[in-house]
Amino acid sequence: MGDEGVFEKIKNSNRAAKQNINSDGACIDENEPIPQAIEAVKARLGEIFSGCSDFMYREIVCGENNCIKMSVAYINGFVDKRVLNQDVVRPVLDYFSNAILQDKRNRIYEQLKECVVNNSDIKEAENMRQVVDNIVSGEALLFIDGEDRALVIGVKAPQGRQVSEPDTEVSIRGAREGFVENLLTNTTLIRKRIKNPNLKLEIMQLGEQTKTDICICYIKGIANEEIVKEVRDRLKKIKTDAILDSGYIEQFISDSRLSLFPTVGNSEKCDKLAGKLLEGRVAIFCDGTPYVLTVPYLYIESIQASDDYYDHAFFATFMRLLRLLALLVSNLLPGMYVALVGFHHTVIPFKLMITLAASRQGIPFSPFTEAVLMILAFELLREAGVRMPRPIGQSLSIVGALVLGEASVAAGISSNLMVIIVAITAVCSFVVPPLIRATMLIRFVFLAAANFLGFFGISSVFVAVFIHLCRLRSFGIPYMAPFSPLTASDLKDSLVVVPIWAMVTRPRILRQENVKGAAGVKRQEVRLKR
Amino acid sequence: MEKARISSIQLFLLIIGFLYGSTVIINPALSAKNDAWLAILLGGVGGALLIGVYASIALLNPSKTLVEILMDRFGKLIGNAVSILYIWYFIHIASLVFRNFGEFITTMTFPETPMAVVIGIFAVLLVYGINSGIEVMGRTSELFVPFIPVTALIISLSLITTRDFTAFLPMLENGMALVLNAAFSFITFPFGETIAFLMLFPHLNKKENLKKVAALSVLFIVVLCLFIFIRNISVLGSDLMYRAIFTPHLTSLLIPGLNVEPLIDINLLIGGGTKISVCIYAAAKALSQVLGISDYRKLTTAITTFCVVLSIWVYENVLEMFSWAEKVWPYYSIPFQMVIPLILLFLSLKKRAEPSKSRE
């Protein structure tokens, strides 16, 4: 594999980064015990969190002769202080204000855990590692003098924005709720839709530095156990510093890392994700991003939309075919034009030929150069529209396109027909959002092939792309299913959508007995071991 | 051995693509002029019998490729020698199809492009496909081969206004001998060439379907060839059809107000592609088994390169190609397509009969 060197380099740099941290002195051993004396705890935490102005440490002294010493540690702003005061500090002070220190120190700990602290979310921390992990993930820690354990009290304050309609995926019908950055809010949104204990949510942490919460979500009994296991294995093999977005995970776990085509899906919409889970797919939530990943992701999913299932089946079928057409047009149209003008004049009907020749008169560039220039101009406008601050961006893309299109024709740099073709291509490419990036690049390949070899070039590239698509697998499932391998019962939700009352079976391809992940999965294992 | 599996429908489509492959350019049955339909029918019957023989050999020697069967039946020395002959034969078929393809493209679409360029690009594409493995070849054929009948249908429907359905008459104008000769050619090309599939049959996931799949694909091809023949003769007339170099192409040029030339190219790309990939796969696999190499992929690039060179070197010009395909090829193929398989079938049957006797 050619990318061996690159991965090796990345890994080495990761290792170097790790060593840097270890040399800082604030390193915590895996099994370092919690000191019994409260002063020692204070000193140790002070050492670990030196320079962290948001680290709070509050000592509580109560009981007769100030005999009971406790302390609370948390990160300021991360916990809800009012809840902390009401649930922990107040009850502790009230309860122990008159207590006498007994020999059985254990009792204080047990009493605290069982009847003093008014919080339903209580865990125990056994060692320093757990203590620090919990503090930095927003829990409050309660230490008791003379104990080598600490109480972890979940008083995390709700963070982030409200649930709102997603910007990237809009649907005419269906829920307006989209995922947010908070993991718990997201899982609740799914649980709200699938009220079933079989909806399993397995949590784990990834990223040596960021300790991001990752949650694998699937419906037991519907999802294929082997795929779930594969997802778990692949996630566990990720060794990296940071997971800032689900995009990081996507790149780590996808089957074919260098392919242009997505083999891991993502969605911001709750109803869409619920649908995917019910089909037997596995979702991966990632804290801090509203984009939830779904695997396995097949080619056909890129032309599916949640509206298809809410609407009349005939209409949905028409939309599916339209999307497929748009996909073909956005890939092939500029290339087709160049091939027609450059090689296959005879194929063009005579009258169109005259129009074409008239519009190309006086253009200094070859059709290929013209097409590349116009498409580049369009891509630039699109990118500028995304990156610019929103109020400017919108006007920029519209005005830019109008001015550029009009002016370039008037100035004799490009033909009218070319502007039309690029415009149609652009419109079509937005119809199938998951494949926008793949289409953008493949379009140029088609263009180049058409310029050199006409239709023969186009069909060669077309065949090559399809061989590539047939090679791809997503978590062991052939990417082009249900068309190849042909799965008759799954065709009901492919190019043709049958009414929802006729969709009686779940996608069979996801349930096939022997997922055998064949080539895809095995190769993946080898790659991740490095 | 590679554990890849192909389904019945994938095999069905692979055989169709293979049979249709270069028949779209050179159809030996057409030498019977306006009685070609009879030649196609007779050839189809013969072809079905021949493929039946191959399927029986495969069924009598389950999960064994042609090379392994040859080794078992003929012993190591003769088995190896015959296997190497077969490897040569597969390579030869592949390079002939390459040449057909190159001739067609350079004659019709790109007259100024050197043939080596066209064939070379095609070869790169096919190496990519073949190296992806038999499973991917099957899946790709599932997506592409259905295009073949669709394009045939499109062209036929566009020509519906320019038909003369009396062009068949008179029947047997040139005598039965010509028809039989054409039918024989039609058996050896394309049906007999399916001997290459003996390298693929072990991958079929449901062995019991093998005979059905083979029979259905032959039936399909016979119907398709008849359909195309009727179209061609009713549009062109028997004389013009016989004299045209690339008959389907000439037919498609007659469509009023529309030029579908690229459709023929695509047909050829799909059919020829399937045929060449199967042949090169068979050759590479056979060679890897003879030499004891675990992975056939190491050999595909070399074999394909050899085929490309051979394809350019093998004929002087397009006319030689046609006359060779009609006059020499059938007799050259007899040992590979009929003699050795029949001996194999006989030996396999004998082998099966022996243990049952000893049990009694």
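## The β6–β7 hairpin of chain A

In this predicted model, strands β6(A) and β7(A) form a hairpin with five residues between them, and G207(A) in the turn has a positive phi of about 95 degrees. The two strands, β6 (residues 199-206) and β7 (residues 212-219) of chain A, run antiparallel and are joined by eight bridges. The bridge partner of L206(A) in β7(A) is T212(A). K211(A) is placed in the loop between β6 and β7 of chain A. Its phi is near 45 degrees, a positive value in a residue other than glycine. Most residues other than glycine have a negative phi. K211(A) counts as partly exposed because 14 other C-beta atoms lie within 10 Å, where a residue is exposed at 12 or fewer and buried at 20 or more.

## Organisation of chain A

Chain A has 17 helices and twelve strands. It is divided into domain 1 (31-153), domain 2 (183-305) and domain 3 (310-471). The C-alpha centres of domain 1 and domain 3 of chain A lie 64 Å apart. Of the 530 residues in chain A, 35% are buried. Among contacts in chain A with a separation of 6 or more, 69% are between residues 24 or more positions apart.

E30(A) lies in the loop between α1 (4-22) and α2 (38-48) of chain A. E30(A) and Q130(A) are 100 residues apart in sequence, yet their C-alpha atoms are 8.9 Å apart in space.

## Strand β2 of chain A and its partners

Strand β2 (residues 68-75) of chain A is mostly covered, with six of its eight residues buried. Eight bridges connect β2(A) to strand β1 (residues 55-62) of chain A, and the two run antiparallel. In this pairing C62(A) has I68(A) of β2(A) as its bridge partner. Strand β4 (residues 140-144) of chain A is also antiparallel to β2(A), through four bridges. Here S71(A) stands opposite F143(A) in β4(A).

## Helix α9 of chain A

Helix α9 (residues 270-279) of chain A is largely enclosed by the rest of the structure, because seven of its ten residues are buried. The buried residues are C270(A), D271(A), K272(A), L273(A), A274(A), K276(A) and L277(A). They pack against α6 (183-193), β7, β8 (265-267), β9 (282-286) and β10 (292-295) of chain A. G280(A) follows α9(A) and has a positive phi, near 110 degrees.

Most peptide bonds are trans.

| Cis peptide bond | Omega |
|---|---|
| V295(A) to P296(A) | near -15 degrees |
| S484(A) to P485(A) | about 5 degrees |

P296(A) lies in the loop between β10 and α10 (307-310) of chain A. P485(A) is in the loop between β12 (477-478) and α17 (518-529) of chain A.

Just after α9(B), G237(B) takes a positive phi of about 85 degrees.

S63(B), in the loop between α2 (36-60) and α3 (66-74) of chain B, has a phi near 50 degrees, a positive value in a residue other than glycine. S63(B) is exposed, with 12 other C-beta atoms within 10 Å.

The contact between the chains takes 23 residues from chain B and 21 residues from chain A. On the side of chain B, the elements that give two or more residues are α4 (76-109), α5 (115-131), α6 (134-144) and α12 (261-291). The residues on this side divide into eleven nonpolar, eight polar and four charged.

## Nonpolar cores

The largest nonpolar core has 195 residues, and those with the most contacts inside it are F90(B), A94(B), I280(B) and A283(B). Helix α12(B) gives the most to this core, with 16 residues. The core also draws at least three residues from each of domain 2 (183-305) and domain 3 (310-471) of chain A. Apart from it lies another core, of 31 residues, among them L112(A), V131(A), A140(A) and L142(A).

Not counting residues up to four places away in sequence, A94(B) touches I276(B), C279(B), I280(B), A283(B) and C307(B).

Definitions and conventions:
Residues are numbered from 1 along each chain as its sequence is written. Chains are lettered from A and ligands numbered from 1 in the order in which they are written. This is a predicted model: local features need pLDDT of at least 70, side-chain atom pairs count only at pLDDT 80 or more; totals for chains, interfaces and linings use all residues. Two residues are in contact if their C-beta atoms, placed from the backbone, lie within 7 Å. Ala, Val, Leu, Ile, Met, Phe, Trp, Tyr, Cys and Pro count as nonpolar, Asp, Glu, Lys and Arg as charged, and the others, Gly among them, as polar. A nonpolar core is a set of buried Ala, Val, Leu, Ile, Met, Phe, Trp, Tyr and Cys residues joined through C-beta atoms within 7 Å. Domain bounds come from an automatic or database domain assignment. Two strands pair if DSSP finds at least two bridges between them.
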